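Please look over the model shown here.

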Amino acid sequence: MTSLADTPSEAWCHRYIYQLTFSTKQCIHCDGKLRFRRNYAWCKLCRVKLSAKASTWLRHSKLSYRQIYQMIWCWQKRKPAGFIRDALGISYTSVQRWYARFRKHTPVDNTEKLLVDLVEIDESFFGKKRYNNQKIVIGAIEPQTRRIKLKIIDDREQETLEGFVMANVATETVVMTDSHSSYNDLDFLGYTHYAFNHSKGEYTNTNQIENLWGVIKRYMSLR
Ligand SMILES: [Zn+2]
């Protein structure tokens, strides 16, 4: 997202804020998959209705999820309170109160994350499809220190890839990825994002992570 005019739908913003609030995209009761609507999320498994606004820090809020999302965006972009007052029509004191909440409730612990100013991210398939044991692995590497993070993932949906990046890479970091559309909103989450089209041979900027896949696969085939 490059400006407030690009703010996603109410249901999308609800999903984002739910994930931020409960640190999961699943049902908090049964881990089931959720369908997000404007005002509630619906669990396909236990059929319970959930809402991010039921959490304590959002309770009684009259703002829509889009408005909260827009404020989080402004906060991450370090926009002054006056900008939001003018753009969203929210009072100056109210904006300051929300900024204080964001500081308190949005993750700021970067100690476990890959910190240095450039991180390469990529996914790779492991195992053989015909033996039905193929897995997708997502990895991030910090070339300067060679620190890596790897995770087996179920799919390459936007929330899966974003979840990995948000959990492992500090915001404000420059990230290099392939051109998979699930990475499209990384800018919006506070990263400086460059995508490279692997099918057009643009590999130079994700060299290190590509090398890592090669090394791991060679090692596995020798065992
Ligand atoms: Zn459930």
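The report below covers confidence, the metal site and the strand pairings.

## Model and confidence

This is a predicted model: local features need pLDDT of at least 70, side-chain atom pairs count only at pLDDT 80 or more, and totals for chains, interfaces and linings use all residues. Residues are numbered from 1 along each chain as its sequence is written, and side-chain values use heavy atoms, with hydrogens and water left out.

The mean pLDDT of the chain is 85, on a scale of predictor confidence in each residue from 0 to 100. A score of at least 70 is reached by 94% of the residues. Confidence is highest in strand 2, at 94. It is lowest in helix 4 (residues 92-105), with a mean of 81. Helices (H or I, at least four residues) and strands (E, at least two) are DSSP runs, numbered from the N terminus.

## Zinc site

Four cysteines coordinate the zinc ion through SG: C27, C30, C43 and C46, at 2.3 to 2.4 Å. Donors are N, O and S atoms within 2.8 Å of the metal (3.2 Å for Na, K and Ca); water is not among the atoms, so sites may look incomplete. Along the chain the donors follow the spacing C-x2-C-x12-C-x2-C. C30 sits in the loop between helix 1 and strand 1, and C43 in strand 2, so this pair ties together parts 13 residues apart in sequence.

The angles between the four donor atoms at the zinc ion are 99 to 115°, which makes the arrangement tetrahedral (four donors, all angles between 85 and 135 degrees). C30 is partly exposed at 27% relative accessibility. C43 is buried at 0%. Buried means under 20% relative accessible area, exposed over 50%, and partly exposed in between (1.4 Å probe, protein chains only).

Three strands make an open antiparallel sheet in the order 1-2-3. Strand 1 (34-36) and strand 3 (49-50) are the edges; each has a single partner strand, so one side of each lacks a neighbour in the sheet. Strands pair if DSSP finds at least two bridges between them. Strand 1 and strand 2 (residues 41-43) share three bridges. L34 stands opposite the zinc ligand C43.

Helix 1 (residues 10-22) packs on this sheet and touches strand 1, strand 2 and strand 3. Contact means heavy atoms within 4.5 Å. The direction of helix 1 makes about 135° with that of strand 1. Axes are lines fitted to C-alpha atoms, for helices over the stretch in contact, and angles run from 0 to 180 degrees between N-to-C directions.

## Hairpin

Strand 5 (residues 135-142) and strand 6 (residues 147-153) run antiparallel, joined by seven bridges. I138 has K151 of strand 6 as its bridge partner. Four residues lie between the strands, and R146 takes a positive phi near 65°.

Terms used: Tetrahedral: all angles 85-135°; square planar, octahedral: opposite > 155°, others 65-115°.
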